[in-house]
Amino acid sequence: MAASKSATVKRSASKLKIKKTSKGSVAKGPSIDQQIQFYKQMLLIRRFEERAGQLYGMGLIGGFCHLYIGQEAVVVGLQGNVIDVDTLITSYRDHGHMLASDMDPKGVMAELTGRVDGYSRGKGGSMHMFSREKGFFGGHGIVGASVPIGTGLAFSHKYSEDGGVNFCYFGDGATNQGQVYESFNMAALWKLPVIYVIENNKYGMGTSIERASASTDLHRRGEAYGIPGKVIDGMDVAAVYTAGQEAVEYARGGKGPIILEMKTYRYRGHSMSDPAKYRSKEELAKMRGERDPIDRLRLKLLECKALDEEAFKDIDKGIKARVTEAAEFAQASPEPDPIELFTDVLRDVA
Amino acid sequence: MATEILMPALSPTMTEGTLAKWMVKEGDSIVAGDIIAEIETDKATMELEAVDDGCIGKIIVAAGTEGVDVNVPIAILLEEGEDATAIAVSAASQRLTAENNSAKTTKVERVAVVERPATPKPVFDADEPELGPTTEITVREALRDAMAEEMRKDEAVFLMGEEVAEYQGAYKVSQGLLEEFSGKRVIDTPITEQGFAGLGVGAAFGNLKPIIEFMTFNFAMQAIDQIINSAAKTLYMSGGQMGCSIVFRGPNGAGSRVGAQHSQCYGAWYAHIPGHKVVAPWSGADAKGLMKAAIRDPNPVIVLENELMYGSKFDVPTSDEYVLPIGKAKIEREGTDVTITAFTIMVGKALEAAEQLGELGISAEVINLRSLRPLDTETIIKSVQKTNCCVSCEEGFPFSGIGAEISAQIMENAFDWLDAPVARVTGVDVPMPYAANLEKLALPQVEHIVEAAKAACYRDYATRKRK
């Protein structure tokens with residue numbers, strides 16, 4: 001890796017700030033074509049999640065189901081920067097990350113309904129899905145536990161010198177777990193190529209960040225370890241993409257971990273059974289009305305005449321069809337054979 | 001086309017709910033995302049959002065209705081421009097729903113008689129490998145040699161833990177490894193068990209083969225979520241995609257005068273969990289053969305070493321292909337009158353007890369379990385069918401211990417062969433005391449095994465109870 005040669009950065013405070021997008025940085029922001037792609041991906045996630053909510057209501061999806069509606073720009077913008085060897089890991093609000101990783105909506109939905117054609121053959125459910133092929137390493141149900149694992153994936157990138165970076169997503173709620181800081185320490189100590197993405201949607205389940213965190217500047221949580229951090233408008237997919245470009249340049253360049261705090265918002269409750277009484281209707285309406293990442297991008301693309309109303313209608317139609325196909329597939333796929341109860345507990349010794 | 005709005009399930013446990021309030025009336029136009037009703041679930045009052053655009057054609061279930069079953073139509077949504085005649089369609093589907101509900105009851109009855117598939121029996125066709133040429137070395141060196149040989153063989157294997165590199169191991173197990181394999185593959189960690197255990201799991205997901213050393217297994221309690229929830233369960237939860245080839249190793253069991261927090265056997269804890277393997281070597285050959293098997297295994301393997309055994313010397317095979325099959329016990333001493341099972345340090349005590357029993361004319365068979373998960377039930381059962389009684393030995397607590405499991409296995413598989421109750425020789429059911437005399441009393445000693453074996457053979461009724 002040529003990039004690793006530039007790994008000698010002094011740990012002075014001034015050097016830790018990421019450079020603003022300007023000459024010298026590769027960060028250029030997304031092209032119009034890329035933004036059209038982002039629009040499609042965000043809309044796919046939104047429609048998919050709405051349908052998942054609907055199937056949950058019909059009793060076809062069970063257990064816990066955490067919808068990503070409202071947060072789409074975060075994963076879509078960042079995924080615009082990945083290369084094949086990169087890996088992604090997240091917590092349990094994971095459907096958006098899977099779709100953005102190019103996993104098949106049919107397989108994701110079939111896992112939600114607990115069927116054999118699901119990514120985990122129906123044995124994982126909403127919170128536990130994986131695709132090695134797509135670099136998606138879950139899907140983890142324990143708050144904070146995915147952070148050391150993502151750090152370990154970054155360790156394996158560095159160990160095998162494959163040039164990969166781990167995108168390690170977690171929520172504002174996880175930032176008060178001790179193992180997050182154990183990970184920050186080791187990642188900084190060993191300069192591991194990991195981008196810590198804090199999806200700050202303002203609530204850890206029903207507790208607002210102000211009631212849970214003594215310091216709410218989550219991007220500064222790495223300061224004690226010399227990890228630079230940046231706050232980004234997570235409701236603006238272009239801003240997310242650009243921040244991702246800079247972060248990838250930093251992490252892939254052998255400089256170590258970096259933190260991106262994405263200010264975002266979930267429209268639905270924490271899970272399907274959460275009435276979200278801990279926040280006002282006005283707060284939600286304001287976010288939805290003024291900050292919605294999909295509406296904002298739609299307006300932008302209309303204004304710059306990249307797409308017209310007709311084109312948007314076609315996109316809507318195409319995505320609706322994909323989601324309907326996924327929902328039908330997920331209901332038609334059979335439940336796992338009873339013998340699956342005993343498979344995949346251990347691998348056979350070669 | 002008119003669509004039915006169904007009573008939704010809004011929590012994992014909801015089967016029915018109250019339709020508390022309608023926020024719309026017949027004839028209202030709605031768009032997706034509008035709140036149309038409030039529904040009381042078993043957990044909370046939830047708002048029901050519309051998922052499609054349209055016009056409310058008919059409200060079927062009135063506000064205030066309690067006990068509305070999930071999936072029953074509560075309203076009819078018309079597409080814009082559609083008239084009320086479309087509503088007729090829904091009468092038929094209401095009947096259908098009623099049928100569905102009755103079908104649900106039958107289904108429940110049917111489920112009750114569905115048989116579980118039989119638990120597959122583990123198959124071990126591997127034989128005890130030949131020792132070949134041996135050399136006398138300590139358990140500590142045998143463990144180190146096993147790691148070094150596997151690291152030479154496979155670039156993906158690395159060792160990580162507190163003091164494993166420059167300090168050469170807190171118990172000097174990793175002596176010389178840093179010099180041979182460099183800091184890239186022998187890595188000193190900060191004191192951060194949960195962090196480096198989780199990091200190891202991630203590295204294993206990334207196709208490396210980590211050996212994670214805990215300075216002692218007492219400290220692994222800080223990391224047990226990563227060991228169990230992340231390492232052991234993910235293969236299953238991923239439908240077989242996410243193999244995790246990782247070794248968690250370190251000293252386990254009673255230390256010497258270190259008090260309750262540093263002195264405990266975790267055999268039963270880890271053996272309880274499906275999704276990983278648990279081995280506990282006694283001899284130097286065990287240590288080498290099991291450690292190599294653990295590193296080569298595509299699954300997480302917990303290697304429970306014993307601090308007090310590290311300096312013990314044994315004849316250890318010099319071959320770098322000496323690998324023991326995990327899941328196979330070893331009969332260390334053949335006998336005909338009583339079966340004694342033991343693992344790690346207790347194997348030595350059991351052999352000593354067998355010597356003493358021999359002097360009393362009792363022929364004891366000593367089984368070195370080697371592996372706690374999978375447990376070699378077959379070897380134990382065969383032995384009990386010969387001896388008709390069994391004494392299980394372990395340092396751990398008696399309650400829900402390995403002995404409890406062995407006892408249950410014998411009862412289930414060899415009840416008719418038993419001439420005496422299975423006896424358990426264990427640590428005493430208290431946190432480990434510090435005082436030398438109390439510590440000795442808390443731990444199972446050779447004489448306890450002798451007494452238990454005599455009682456099992458009805459040689460001495462008076463000593464049936466442990467003194």
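The model is predicted: local features need pLDDT of at least 70 and side-chain atom pairs count only at pLDDT 80 or more, whereas totals for chains, interfaces and linings use all residues. Residues are numbered from 1 along each chain as its sequence is written, with chains lettered from A and ligands numbered from 1 in the order in which they are written. For the complex, the predictor gives an ipTM of 0.91 and a pTM of 0.90. In chain B, pLDDT stays under 50 over residues 95-110, a stretch with four contacts beyond four places in sequence; a contact requires C-beta atoms, placed from the backbone, to lie within 7 Å. Residues 462-467 of chain B also have pLDDT below 50, with six contacts beyond near neighbours in sequence.

The contact between the chains draws 49 residues from chain A and 51 residues from chain B. On the chain A side, helix H2 (32-57), helix H6 (146-160) and helix H7 (178-189) each supply at least two residues; helices (H or I, at least four residues) and strands (E, at least two) are DSSP runs numbered from the N terminus. The greatest contribution to this side comes from H6(A), with 10 residues.

The largest nonpolar core comprises 217 residues, and those with the most contacts inside it are A:Ile195, A:Val197, B:Ile340, B:Val391 and B:Ala453. Such a core is a set of buried Ala, Val, Leu, Ile, Met, Phe, Trp, Tyr and Cys residues joined through C-beta atoms within 7 Å; a residue is buried if 20 or more other C-beta atoms, placed from the backbone, lie within 10 Å of its own, exposed if 12 or fewer, and partly exposed in between. H2(A) gives the most to this core, with 10 residues. Beyond four places in sequence, B:Ala453 contacts B:Val338, B:Ile340, B:Ala353, B:Leu357, B:Ile362, B:Ala364 and B:Val391.

In chain B, four strands form an open antiparallel sheet in the order E1-E8-E6-E3, pairing being assigned where DSSP finds at least two bridges between two strands. Strand E1 (3-6) and strand E3 (29-30) of chain B are at the edges, each with a single partner strand, so one side of each has no neighbour in the sheet. E1(B) pairs with strand E8 (residues 73-78) of chain B over four bridges, with B:Ala75 in E8(B) as the bridge partner of B:Ile5.

Terms used: Two residues are in contact if their C-beta atoms, placed from the backbone, lie within 7 Å. pLDDT is the predictor's confidence in each residue, from 0 to 100.
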